[in-house]
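Subject: Structure for you to look at

Hello,

Here is the structure I said I would pass on. Please open it first and then read the notes below it.

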Amino acid sequence: MSVLSVEGLSVSYRVLGGRLQAVRDVTLAVGRGEVLGIMGESGCGKSTLAAAMIGLLPQGAEVAAGAIRLNGTDMLRLSGEEKRRLRGQRIAMVFQDPMTAFNPVLTIGRQLADFAGAHGGVKGAAEIAGMLERVGIPDPGRCLRRYPHELSGGMRQRVAIAAALLVRPDVLIADEPTTALDVTMEAQIIHLLRDLRSSFDGAIVVVTHHLGVIAELCDRVAVMYAGEVVEEAGVDALFRDPRHPYTRALLSCDPAVVMPGSGHLPTIGGRIPDLMALPAGCAFAARCGMAEAGCAAPVPRHQEAGRSVLCHRSAA
Amino acid sequence: MSAVLDLARVSVALPLGGFLSRARLPILMDVSLSVGRGESVALVGESGSGKTTLARAVMGLQAVSGGSIALDGQAVEGAAGHARLRRAAAMMFQDATASLSPRLTVGYLVTEPFRIHGVALPDPEGMARELLAKVGLPPAMARRYPHELSGGQARRVGVARALALKPRLVIADEPTAGLDVSVQAEVLNLMADLRAEMGLAYLIITHNLALVRHVADRVVVLYLGRVVEKGPTAQVFAAPAHPYTASLIAAEPRPDPRQRRMDLAIRGEVPSVLRRPSGCEFHTRCPMAREVCRVTAPDLAPVGAGRQARCHFADQRKDQQGEQHAVEHR
Amino acid sequence: MSFAVEETVPGRRGIGRALLADPMGLAGLVLVVVFLLMALLAPWIAPYDPIALDVKAKFQPPSAAHWAGTDHLGRDLLSRIIWGARLALGIAITSVGIAGAIGLVLGLIAGYGPRWLDSILVLIFDSMSSLPMIFFALAVITVLGPGTTTLIIVIVLVSFPAYARLIRTQTLALSGADFILAERAMGAGAGRIIFCHLLPNVVGPLVILICMDIPVVIMLEAGLSYLNLGVKPPSPSWGNILSEGYNALRQAPHVVVVAGVPLVLATLGFTFLGEGLRDVLDPRGAGRRWG
């Protein structure tokens, strides 16, 4: 049974001169103990989707259709107050730059205590220190007396994860959790999140554009393009046997997979379509090497064991 | 033939800033490296390794406290030396959008180097079009402002601007940082094309090892402001001689779920430059540190042809890995 | 975290258009334009000579011949208000303009120049602005004698340190920015960096501050003139009119009202315009203007 499910969600922004369709008919689900990766390039709608999942859509965003269910309750139908309570207790978020998540003038200990107190009942300093230790902070007592700017980026990210876990959420959403970090720290955070998956009884959603992070960390992956999930599959199936031409193109142009000395790196020609004037058919057709006349028609979602692909030619 | 850029034992120390205090904090220590004509050299390290400071020192944006910098075999000294260097070398900044002056148009920005160096520019618009075309941007882009550009476009404008005066050397600070995977590939291809076409030499500063493998002929690894390893890229990646290099390579997330690493190659983080460890500065994080590493600082010593490493056990390690490598390929 | 939708940066919208979309800013703009027109066209639109006496017709209430009535010497008040606008705006814009220019140059030098120069300039700004404004103004007037020029000198001296400090802070913040480093790396000299790259990025806030300061200066001029320390009496300063009206408050209350209304309207106009400009020009406000 899934903890968090997104059903037919569409989100658009009112902008000058029209509507920008950021997320279109997205359906996803994530269960306990599972790590779902949401992968895509800038402008694909992954950040909007993450924001919708935690109920923090920016002003100007409108949910045109769909539902986001947390343990069966549709979060989109809740009042602001109920949503806020849910956000603290059942669903937590880790941001790309953890500095922005902390108040610079309060100590880490004070903030964690306030945070835990506000959302999960009063917790003792011992419990907070225990959580810091669990996320790999060497001297929790000292860390609690520090101010956010006194910690390194990696340490701040660990504290942010600890803060998120203190409230024992059902879902932890991590938006580009390693993008601001060095390789060695990135590896450690990936390791930490992977450890947490087994010990913490909730679902983790990781939003990133980094293929390496997806491959290292996730169980299932949803690939987004122009606001749609174009392919969803288990991580191994997706990397071994990508079905959507966009997934294939994306995987093949990562400098990390191309053998060195092979000359030019493959690229994806063209640009993402204008999100204010999307074609009726496949949004990727204009850049797709396999496109044919039929691709201009609306795309049926092709489902098979454990995966779904949004492509006319996926059956072929 | 002399190298385009030659750094000999360059050191940078920042004043600690106390009243009347002459104490200085060493950021870079005795860094020597050279970039040959048309060669591409990568400078690798984590944040705090001093790699950006080095780029700034080369461009004269950061005062050097020791050592010397030479361009085409001639020492860069004083204002005249820096002016010569800034004409022959160009820098691409990590944050491409932020490195473009926000109130000026792209057309003005790409032709600005001509104005700065007093080079005659009879047809600025034509030159702007030509430079933009060279980096694959449409001429209409000349009328845009920096905030109207996407990350990839801003990066291309940065390249166009760097190329304006036909430099021999381009210093690129994290040229693919913050770009999408497909755009990264485009920028790297562009850099490769321009190198072939114009005979450019690159000094690329990055922590992205995938990038290094693709574009660099040689790699220089920095740790806490010291060179810990340098050598030809292919050899260094195949058999790193310094454990730090080895752990950087191992830490890189691989886009292949079947090659997940279950153990961590390296723990903890780079120590503060305010509290440098004794002996070998990497011993606090080194998986193979022994007693001698805590006490004695190793020198940067040759390890095979064209390679150097700063490790007591570099030779041993290289031999071991060579064997392993041979086994894997059998 | 930014949820901004990438790749869809809106084009640079005209400042004018954005200002028109904001009711407060629009109201401010209209008021300011009306006062500017009054000031510029005073000789043509004023129905009477503002200093022509007609003692027989003193203290007349508003009528068809004198829309705003007359004062204790029978001068037409509407004409005096219109000419007063010319005087008030003339003094305010000249003095604040000069102060702004001085502040801009000194602020840029302090912010981008060598540290020792910065320390000296900051010391000057701080000591200037630590003087109590009214006493300083009184001291200067005592030395130089009252009059329009004195007034302008006083206002310039009192207001430039604030402008210089604003510009200095902005310049300091920008001088470490990547684009300034990039310019230095390309070999750009200090002059080019200051005038081509720093200046366009720091004037916005200065324009806003100046706009918000103009009403303060108008009030200061009116206040000093009221105390007979500003513009000398026959000249139709709003402060003079107010002062004269106050003396005859019981006989002819309309004089004070007529002199007070433009003062309030001009103050509101420039303040609204300044606030409107701040919303439009301030890049931090840009995010909420679309979407």
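**Domains of chain B**

In this predicted model, the centres of domain 1 and domain 2 of chain B, taken over C-alpha atoms, are separated by 32 Å. Domain 1 of chain B covers 38–61 + 77–216, and domain 2 of chain B covers 240–328. Where the two domains touch, four residues of domain 1 of chain B are in contact with five residues of domain 2 of chain B. On the domain 1 side, these residues divide into one nonpolar, two polar and one charged.

**Chains A and B, one at a time**

Chain A has 10 helices and 12 strands. Its C-alpha atoms fill a box of roughly 65 × 50 × 40 Å along the principal axes. Chain A has 316 residues, and a compact globule with that number would have a radius of gyration near 20 Å. The value for chain A is 20 Å, so the two agree.

Chain B has 11 helices and 12 strands. The C-alpha trace of chain B spans about 65 × 55 × 40 Å along its principal axes. For the 330 residues of chain B, the compact globule would again be near 20 Å in radius of gyration. Chain B has 21 Å, which agrees with that figure.

**Where chains A and B meet**

How many residues does each chain bring to the contact? Chain A brings 36 residues and chain B brings 30 residues. On the chain A side, the elements that give two or more residues are α7, α8 (211–217), α9 (235–240) and α10 (245–252) of chain A. The most comes from α7(A), which gives eight residues. By class, the side of chain A that touches chain B has 19 nonpolar, 11 polar and six charged residues.

One helix pair across the two chains can be looked at in detail. Two packed helices are described by the angle between their axes and the distance between the axes. Helix α7 (residues 183–199) of chain A packs with helix α9 (residues 243–251) of chain B at an angle of about 50°, and their axes are 8 Å apart.

**Helix pairs in chain C**

Two pairs in chain C involve helix α6 (residues 148–175). In one pair, the axes of α6(C) and helix α3 (residues 77–112) of chain C come within 5 Å and cross at roughly 35°. The crossing of α3(C) and α6(C) is right-handed. The residues of their contact divide into 20 nonpolar, 10 polar and two charged.

In the other pair, helix α5 (residues 133–144) of chain C packs with α6(C) at an angle of about 145°, with axes 10 Å apart. The crossing of α5(C) and α6(C) is right-handed. On the α5(C) side the residues are C:M133, C:F136, C:A137, C:V140, C:I141 and C:L144, and they meet C:T150, C:I153, C:V154 and C:V158 in α6(C). By class, the contact of α5(C) with α6(C) has nine nonpolar, one polar and no charged residues.

Regards

Methods: Residues are numbered from 1 along each chain as its sequence is written. Chains are lettered from A and ligands numbered from 1 in the order in which they are written. This is a predicted model: local features need pLDDT of at least 70, side-chain atom pairs count only at pLDDT 80 or more; totals for chains, interfaces and linings use all residues. Domain bounds come from an automatic or database domain assignment. Two residues are in contact if their C-beta atoms, placed from the backbone, lie within 7 Å. Ala, Val, Leu, Ile, Met, Phe, Trp, Tyr, Cys and Pro count as nonpolar, Asp, Glu, Lys and Arg as charged, and the others, Gly among them, as polar. Axes are lines fitted to C-alpha atoms, for helices over the stretch in contact, and angles run from 0 to 180 degrees between N-to-C directions. Helices (H or I, at least four residues) and strands (E, at least two) are DSSP runs, numbered from the N terminus. The radius of gyration is taken over C-alpha atoms; the globule rule is 2.2 Å times the number of residues to the power 0.38. A crossing is left-handed if the near helix is turned anticlockwise from the far one by less than a right angle, and right-handed if clockwise.
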